[in-house]
Amino acid sequence: MAQCVQSVQELIPDSFVPCVAALCSDEAERLTRLNHLSFAELLKPFSRLTSEVHMRDPNNQLHVIKNLKIAVSNIITQPPQPGAIRKLLNDVVSGSQPAEGLVANVITAGDYDLNISATTPWFESYRETFLQSMPASDHEFLNHYLACMLVASSSEAEPVEQFSKLSQEQHRIQHNNDYSYPKWFIPNTLKYYVLLHDVSAGDEQRAESIYEEMKQKYGTQGCYLLKINSRASNRASDEQIPDPWSQYLQKNSIQNQDSYEDGPCAITSNKNSDSNLLSLDGLDNEVKDGLPNNFRAHPLQLDQSSDPSNSIDGPDHVKCASSLHETKKGNTGVIHGACLTLTDHDRIRQFIQEFTFRGLLPHIEKTIRQLNDQLISRKGLSRSLFSATKKWFSGSKVPEKSINELKNTSGLLYPPEAPELQIRKMADLCFLVQHYDLAYSCYHTAKKDFLNDQAMLYAAGALEMAAVSAFLQPGAPRPYPAHYMDTAIQTYRDICKNMVLAERCVLLSAEILKSQSKYSEAAALLIRLTSEDSDLRSALLLEQAAHCFINMKSPMVRKYAFHMILAGHRFSKAGQKKHALRCYCQAMQVYKGKGWSLAEDHINFTIGRQSYTLRQLDNAVSAFRHILINESKQSAAQQGAFLREYLYVYKNVSQLSPDGPLPQLPLPYINSSATRVFFGHDRRPADGEKQAATHVSLDQEYDSESSQQWRELEEQVVAVVNKGIIPSNFHPTQYCLNSYSDNSRFPLAVVEEPITVEVAFRNPLKVPLLLTDLSLLWKFQPKDFSGKDNEEVKELVTGEPEMIGTEVISEFLINSEESKVARLKLFPHHIGELHILGVVYNLGTIQGSMTVDGIGALPGCHTGKYSLSMSVRGKQDLEIQGPRLNNTKEEKTSIKYGPDRRLDPIITEEMPLLERNQRKRKCII
Amino acid sequence: MAVCVAVIAKENYPLYIRSAPTENELKFHYMVHTSLDVVDEKISAMGKALVDQRELYLGLLYPTEDYKMFRKLHNSYTDVMCNPFYNPGDRIQSRAFDNMVTSMMIQVC
């Protein structure tokens with residue numbers, strides 16, 4: 001697992017906190033709405049106690065609670081929908097991307113240097129949201145409501161009346177059979193009466209008097225006067241006050257009663273508080289259309305989010321962008337707590353402190369004591385009796401039954417107030433107030449009871465929490481019982497078929513194992529929970545397992561890479577394209593350049609495809625290009641598919657920027673040193689009886705002997721002309737330049753005589769390549785040799801047929817793995833310097849010659865025919881390296897290459913062309 | 001008998017890799033690559049135990065029966081190494097080696 005911000009000792013207590021319900025009157029809700037917050041949200045940033053708290057356990061020992069946090073939430077009478085939770089988790093993960101420019105850790109393992117991000121914030125936010133969105137279950141009480149805050153406003157006509165109404169409402173929700181949700185810890189829930197007073201609008205005298213009345217009725221311990229809204233809302237822009245809500249409201253939307261969109265796109269917009277407009281219209285509507293107390297619907301209802309950007313696999317980025325805009329519009333101007341001064345913040349903090357000290361903790365203390373008394377009496381009486389009778393009936397001893405034997409029964413269910421559950425309740429309460437010693441012993445006893453009754457779900461729950469509390473015990477008197485967790489996970493998953501609980505178990509256990517550096521156990525645990533039913537979960541767990549492998553004492557790099565690929569695959573199935581791409585890129589580091597070509601091709605292909613869907617076209621192109629230029633070991637069909645995808649992506653790139661420079665194409669290979677250049681008209685060496693008096697022709701192989709002969713002949717001619725002396729600047733005429741000829745000087749070409757360039761192509765693929773509109777690419781600098789002052793030197797490029805005519809080969813087919821030469825002609829019509837730069841062509845495949853591969857094709861280029869439009873225009877440069885220089889000492893010791901001017905002819909004025917043919921003599925011997 | 005035979009250089013790149021069912025080659029490549037971690041683990045464990053250094057067989061990555069197979073493969077690999085024209089670190093393209101691997105694989109099909 002990757003490093004986390006929170007240590008496990010912080011994480012677990014924060015994941016299981018005492019839950020408090022809040023029930024507000026309309027008027028009270030209106031007051032908090034002025035701040036764009038519900039009452040529960042208002043309290044959220046202050047819900048952690050800043051000081052230590054003391055309480056007494058049943059044995060009257062003083063127990064210190066540190067960093068206690070409470071969770072206040074509005075009453076929701078419907079359990080969260082699994083689909084909605086899934087969607088929320090998906091949004092949370094896709095909303096959390098690695099920060100740009102984050103410095104990655106470099107891990108060196110053996111031959112590998114890997115850049116790995118040490119933290120995985122998306123996993124942490126997933127885990128946080130997951131743990132918070134767990135629906136309350138009957139077999140445990142950890143997230144059942146312990147207390148209920150009843151909130152009314154001082155501006156109400158009859159506040160005291162309102163309080164009793166709220167109290168009845170709460171009683172109805174808890175005890176009426178119509179509501180099976182939310183769950184309450186014990187039948188007599190603690191009720192805490194809160195009078196909300198708006199300082200800027202309300203009458204302080206009246207509030208005080210109501211508060212006095214409340215104190216009379218409910219006792220000083222059971223009520224509180226909370227003064228808020230000291231600041232008039234229209235002065236909001238005057239001073240800047242820190243907004244402690246922003247960080248909570250983005251992610252913890254599970255408890256939000258708002259209808260704010262919390263999609264991935266909205267997350268950024270919550271932060272932007274630049275606009276201070278307070279639109280009260282929308283606010284009023286929200287209050288009006290809400291039923292009293294606003295608790296009728298869970299915020300996770302599916303129909304609430306019809307936002308297209310939230311659809312799980314919405315690759316449509318245009319839509320996403322537009323919806324981003326919409327949500328931004330909807331959310332800008334929302335400043336939380338605009339009517340609150342810093343004094344108000346302190347008052348809320350004080351209120352929470354007071355509530356916890358005077359209300360909640362004494363209530364918990366009392367409940368623990370009651371439960372403890374019950375248990376002792378039960379232990380004394382029924383327990384001994386029960387076990388005695390059991391012993392009596394089942395023979396000499398009770399066989400310790402293993403979990404495996406009990407698999408066939410999913411276990412019985414206890415009624416909510418069953419005596420067997422009381423010990424679990426007590427354990428949970430102890431756990432919530434961080435009394436882990438007592439919690440452990442209670443869980444341990446509960447576990448035995450449940451196992452005896454074969455109540456498997458309950459037993460698994462007790463095992464899980466027993467393990468966690470054993471781990472959290474101060475001073476660690478016993479080692480962490482990992483096997484408890486294993487049994488719990490197995491039971492949750494196989495017997496109870498409850499993947500959510502199993503997942504919670506795995507997340508906790510893996511985190512604990514990680515803190516003890518037991519990475520391989522953690523990895524095994526994480527991998528075991530990956531299954532077909534949730535791609536997102538599997539992806540995240542696989543990724544964490546991969547991190548486990550790399551964090552081991554001797555890092556397992558290859559296992560890391562492999563699990564990263566698996567995680568990437570799952571991410572892409574879950575529609576998390578960015579995460580998928582990131583996983584593949586991380587794995588690529590391990591496979592790159594190691595000769596694992598099949599794996600490398602596969603990763604490159606996936607990266608290409610993911611980048612394409614994410615519109616990172618450049619990355620897509622380079623990834624696809626990589627597959628093609630490698631000496632590929634793929635089958636022909638596979639290569640065909642790769643090529644088609646490459647062309648498709650390339651086409652898209654070039655469509656986006658039609659005016660950009662022509663792209664460099666990777667295919668086919670050009671053997672540039674085999675390029676031959678021929679000047680002049682084609683001369684047939686033998687035409688009928690005539691035999692040309694030359695040795696040069698493109699159809700002929702280079703023959704060093706005959707060229708030597710011709711050179712000597714030419715030298716003799718020149719010597720005769722110059723009266724026996726060969727001029728020092730004499731060079732033999734060369735019509736055909738190839739890799740054997742001396743190419744160190746600029747060759748001369750004659751205007752109006754064609755220049756033929758022979759380019760050697762090679763197709764490395766097992767599929768044929770079709771080049772269309774193949775022609776040479778050149779640059780021309782016209783020169784007027786007669787004119788003296790020609791300062792203006794124009795540079796011209798291909799496309800001026802009046803300067804240089806270019807021959808175009810309309811179709812040029814290279815079969816699979818074939819080497820083939822193409823002869824391309826230029827017709828210079830002007831004198832000057834010509835530079836042949838390269839070739840330009842459309843690269844394409846031939847139509848319908850291959851079957852469609854198994855991988856499938858990109859959208860839009862599915863099966864079926866490929867018209868010739870499935871090709872891209874691009875170029876390849878011709879760059880010829882000259883011979884290695886070996887003359888001076890410096891050249892000998894270093895590696896230097898001379899120039900090669902084969903492709904840079906100088907076009908000269910017309911010259912007489914002398915051609916001689918000789919008649920073949922037939923010799924009959 | 002064997003579905004995939006691989007010889008891996010000590011720098012972790014494949015010198016030779018072949019699998020019998022050709023349609024799922026990618027999977028085998030991934031598996032072989034990932035199992036290198038197990039090999040690493042075994043080697044580091046060996047160093048501690050100080051066992052006979054001449055014994056090159058590390059044991060099984062996964063329970064199968066054969067040990068002779070490794071001998072055979074290793075002998076063949078030694079032959080390849082003895083070939084003066086073979087450049088250590090290059091991909092193995094020897095026909096004799098190929099035939100030997102084929103004979104190992106044929107038995108399964």
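**Entry 1. Asp37(B) and Arg558(A)**

I began with the side chains of Asp37(B) and Arg558(A), which meet in a salt bridge at 3.1 Å, N to O. The model is predicted, so I note that side-chain atom pairs count only at pLDDT 80 or more. I then searched the interface of chain B and chain A for salt bridges, and the rule finds one. Polar contacts came next: five residue pairs are in polar contact between chain B and chain A, both residues at pLDDT 80 or more.

**Entry 2. The side of chain B that touches chain A**

Which elements of chain B give two or more residues to the side that touches chain A? They are β2 (14-19) and α1 (25-49). I looked up the share of α1(B): this helix gives the most, with twelve residues. By type, the residues on this side of chain B divide into nine nonpolar, four polar and seven charged.

I listed the contacts too. On the chain B side 20 residues are in contact, and they meet 19 residues of chain A. About 1,800 Å² is buried between the two chains. Carbon and sulfur atoms carry 61% of that area. In chain B, the residues that lose the most area to chain A are Tyr30(B), His33(B) and Asp37(B). Together these three make up 40% of what the chain B side buries. Asp37(B) is also the residue in the salt bridge with Arg558(A).

**Entry 3. Chain A as a whole**

I turned to chain A. It has 925 residues, and 51% of them count as buried. Its secondary structure comes to 26 helices and 25 strands. I checked how its contacts span the sequence. Among contacts between residues at least 6 apart, 77% join residues at least 24 apart.

**Entry 4. Nonpolar cores**

I looked up the largest nonpolar core and found 157 residues in it. The residues with the most contacts inside this core are Phe39(A), Met149(A), Phe351(A), Phe431(A) and Tyr591(A). Helix α15 (residues 456-472) of chain A supplies the largest share, 13 residues. There is a second, separate core of 55 residues, which includes Ile627(A), Leu647(A), Trp778(A) and Tyr841(A).

What is Met149(A) in contact with, leaving aside neighbours within four places in sequence? The list includes Val20(A), Ala21(A), Ala22(A) and Leu23(A). Phe39(A), Leu43(A) and Val72(A) are also on it. Phe39(A) and Phe351(A) are themselves among the residues with the most contacts inside the largest core.

Searching the whole structure, I get 31 salt bridges over all chains. I followed some of them within chain A.

Glu29(A) and Arg33(A) meet in a salt bridge at 4.0 Å, N to O. How far apart are they in helix α2 (residues 26-33)? They are four residues apart, so about one helical turn separates them. Both Glu29(A) and Arg33(A) are buried.

Arg127(A) and Glu511(A) form a salt bridge at 2.7 Å, N to O. This pair links distant parts of the chain, 384 residues apart. Arg127(A) sits in helix α5 (residues 121-132), and Glu511(A) in helix α17 (residues 499-515). Are these residues buried or exposed? Arg127(A) is buried because its relative accessible area is 2%, under the 20% cut-off. Glu511(A) also counts as buried, at 2% relative accessibility.

Glu140(A) and Arg424(A) meet in a salt bridge at 3.6 Å, N to O. Glu140(A) lies in the loop between α5 and β7 (145-153), and Arg424(A) in helix α13 (residues 419-432), so the pair ties together parts 284 residues apart in sequence. Both residues are buried. I traced the network of salt bridges that holds this pair: Glu140(A), Arg424(A), Asp428(A), Glu464(A) and Arg504(A) are linked in it.

**Entry 5. His835(A)**

His835(A) counts as buried because its relative accessibility is 18%, and the cut-off is under 20%. Which side chain does His835(A) join in a polar contact of 3.1 Å? The partner is Asp904(A). Not counting residues up to four places away in sequence, His835(A) touches Leu777(A), Trp778(A), Lys779(A), Gln781(A), Leu903(A) and Asp904(A). Of these I had already noted Trp778(A), which belongs to the second core.

Definitions and conventions
Residues are numbered from 1 along each chain as its sequence is written. Chains are lettered from A and ligands numbered from 1 in the order in which they are written. This is a predicted model: local features need pLDDT of at least 70, side-chain atom pairs count only at pLDDT 80 or more; totals for chains, interfaces and linings use all residues. Side-chain values use heavy atoms; hydrogens and water are left out. A nonpolar core is a set of buried Ala, Val, Leu, Ile, Met, Phe, Trp, Tyr and Cys residues joined through side-chain atoms within 4.5 Å. Buried means under 20% relative accessible area, exposed over 50%, partly exposed in between (1.4 Å probe, protein chains only). Contact means heavy atoms within 4.5 Å. Buried area is the accessible area (1.4 Å probe) that two parts lose on being put together, summed over both. A polar contact is a pair of N or O atoms within 3.5 Å; within protein, one must be able to donate a hydrogen and the other to accept it, and residues adjacent in sequence count only if both atoms are side-chain atoms. Ala, Val, Leu, Ile, Met, Phe, Trp, Tyr, Cys and Pro count as nonpolar, Asp, Glu, Lys and Arg as charged, and the others, Gly among them, as polar.
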